[in-house]
Amino acid sequence: MRIVSGMRPTGKLHIGHYFGALQNWLLLQEKHECFFLVADWHALTTDYQDTSALKNNIFEMVMDWMAVGVDPTKSVIFLQSQIKEHAELYLLLSMFTPLGWLERNPTFKEQKEQITDKDIQNLGFFGYPVLQATDVLIYKAEKIPVGKDQVPHLEMTREIARRFNHLTKTSLFPEPEAILTSTPKIVGTDGRKMSKSYNNSILLSDPKDVVETKIRGMMTDPQRLRRQDPGNPDACNLFPLHTLYSDENLQKEVRLGCTSATIGCVDCKKMLLPNINKYLEPIREKRLDLEKDPDTVQDILNHGCQKARQTAQTTIEEVRSTLHLA
Ligand code: SF4
């Protein structure tokens, strides 16, 4: 089965990216033919005015992918903008996409309201679901890993494929199906959603002492004002990290200690630290090796692009022929 997934290059990744996507990619690459794309054109849909950090962000992100175990011998790791066939198919599919579908896109409406510091009133942003559809259809992906919130996007991809097939009387594009992935809610150190733009993230590449400083400063149960007050792990930002990194016995111990006030938040954080660091240490080590050898990362991207291009070229030739283009 062929699977396509990707990320916008936002630079170094945080633990939310790991539990939200990468962990799942590692499982998928063991069983399926996976294409993982760095969606650099997508980054431009909102950040076209200053692209100076783009190259560095791509490298940082790909190093994190590889450091967690995304394996270029099992998966195709490639850069969207290096496969020009995406641009051609995007143009052609845009002819098949009714404006109303894009106008109804809930993310477009939501982001137009939320992103106030950038001018996103442009065709690129409006049409990005067609570019997303292109990224998937050009590889004839059969399954796409998505969170619940991305299902409408996948539905539009399926609709575009269906409309193209219907109007051209072909079955050129398979309608990709969702692999629904459950994503644990990872809150940042300040209690908001973990996000680099909020400066509240624990990065996969953070050194041990930085992780310790971040955990020590992390907000906990806001009702637990004094050490002797019983706390509530379910109202605490830190406890979800125990559920991800600590074993069940320790989770029970923490829950009991917290609700009976036999442990304080400082103790609780100390109990978490070795566990989170145990997970992050191998990632840091692998990443440091990759940082010393940037040519390896570039070679992997080049190799992935070659492979992706072959598949994309085959599809675009079929599309041209179907549409009676040269
Ligand atoms: S003891 Fe642990 S779980 Fe309880 S409030 Fe403090 S940090 Fe949170």
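## Ligand shell

The ligand is surrounded by 13 residues, of which Gly231, Cys236, Cys258, Cys265 and Cys268 are the closest; a residue counts as near a molecule or strand if its C-beta atom, placed from the backbone, lies within 6 Å of it. This is a predicted model, in which local features need pLDDT of at least 70, side-chain atom pairs count only at pLDDT 80 or more, and totals for chains, interfaces and linings use all residues. Residues are numbered from 1 along each chain as its sequence is written.

Helices α12 (248-259) and α13 (265-292) each supply at least two residues of this shell. Helices (H or I, at least four residues) and strands (E, at least two) are DSSP runs, numbered from the N terminus. The shell comprises nine nonpolar, two polar and two charged residues (nonpolar: Ala, Val, Leu, Ile, Met, Phe, Trp, Tyr, Cys and Pro; charged: Asp, Glu, Lys and Arg; polar: the others, Gly among them).

## Strands β2 and β3

Strand β2 (residues 33-38) pairs with β3 in the parallel sense over five bridges; pairing requires at least two DSSP bridges between two strands. Cys34 stands opposite Ser75 in β3.

In β3 (residues 75-79), four of the five residues are buried (20 or more other C-beta atoms within 10 Å of the residue's own; exposed means 12 or fewer, partly exposed in between, with C-beta atoms placed from the backbone).

## Positive phi in two loops

Lys169, not a glycine, has a positive phi of about 55 degrees. Lys169 lies in the loop between α9 (151-168) and β5 (177-180), and is exposed because it has 7 C-beta neighbours inside 10 Å.

Asn199 also has a positive phi, near 55 degrees. Its place is the loop between β5 and α10 (208-216). With 9 other C-beta atoms within 10 Å, Asn199 is exposed.
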